[in-house]
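I opened this entry to look up a few residues one by one. My notes follow in the order in which I took them.

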Amino acid sequence: MQQSGAAGGRGRALLSLLGVLLFPGVHIVLSLEIKVDAHVRGYVGEQVKLKCIFKSTSSVTDKLTIDWTYRPPSSSRTESIFHYQSFQYPTAAGTFRDRISWVGDVYRGDASISINNPTVKDNGTFSCAVKNPPDVHHNIPMTELIITERGFGTMLSSVALLSLLVFIPSAVVVVLLLVRMGRKSTGPRGRSKSGYKKSSIEVSDDTDQEGADDCVARLCVRCADCLDSDYEDIY
């Protein structure tokens, strides 16, 4: 039995070798392909997303598993931070405890996660592994995460952008009002110089405007009198 098994193994190896020799242009195709961002930048305290997209030749079943691992800088030690199989299981220990959230959708080929309240201590290398039997062979891509403090320049640029968004519309409105006021003030003068005669409607509008100005003036005088009388009553 052992001899027949060994012979069978040698036969399969020989067939593989013959396939490579006879078809040198044929390469082994991975049945499951995974893509991630090689570099991800984030800021302290702001949620950061680690993207992982996979493509499988088989339909997604409840046997599909996803595993995210973390390796600190300048270290070979890896730490499991997330596991998925029909349900998400974020790590319940270590530095990432209660800070990993599932944001993916396996039926859309998305195995992404996010890190809440990241710190500079989270810098390192993250790897995403997906298995969807019978598709279990795939590349193992890695993402380098860099978390930094938001610098004064970044904050200043945000404030400057907000100021521009508020200032520019206000400036446009002021300019339009000034132009309109300038036209109103120069209009009657130009008409009077050219011998223009007002129509009955324009005369009526001017009369109404003068009456309104007179009412405003009288209201101001009345208010001033009231304030004076109140002042005298106090003393």
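**Ser-112 and its surroundings**

I began with Ser-112, which touches Lys-49, Leu-50, Lys-51, Cys-52, Trp-68, Trp-102, Val-103 and Gly-104, leaving aside residues up to four places away in sequence; contact here means heavy atoms within 4.5 Å. The model is predicted, so I kept in mind that local features need pLDDT of at least 70, that side-chain atom pairs count only at pLDDT 80 or more, and that totals for chains, interfaces and linings use all residues. Residues are numbered from 1 along each chain as its sequence is written, and side-chain values use heavy atoms, with hydrogens and water left out.

I placed Ser-112 in the loop between strand E8 (100–102) and strand E9 (113–115), where strands (E) are DSSP runs of at least two residues, numbered from the N terminus. Is Ser-112 buried or exposed? With a relative accessible area of 0%, Ser-112 is buried, a word that stands for under 20%, while exposed is over 50% and partly exposed lies in between (1.4 Å probe, protein chains only).

**Backbone entries**

I noted that most residues other than glycine have a negative phi, and most peptide bonds are trans. Ser-74, in the loop between strand E5 (65–71) and strand E6 (79–84), has a positive phi near 55 degrees and counts as exposed at 85% relative accessibility. Ser-86, in the loop between E6 and strand E7 (88–90), has a positive phi near 70 degrees and is partly exposed at 47%.

Last, I found that the peptide bond from Pro-133 to Pro-134 is cis, with omega near 5 degrees, and that Pro-134 sits in the loop between strand E10 (124–131) and strand E11 (142–148).

Methods:
Helices (H or I, at least four residues) and strands (E, at least two) are DSSP runs, numbered from the N terminus.
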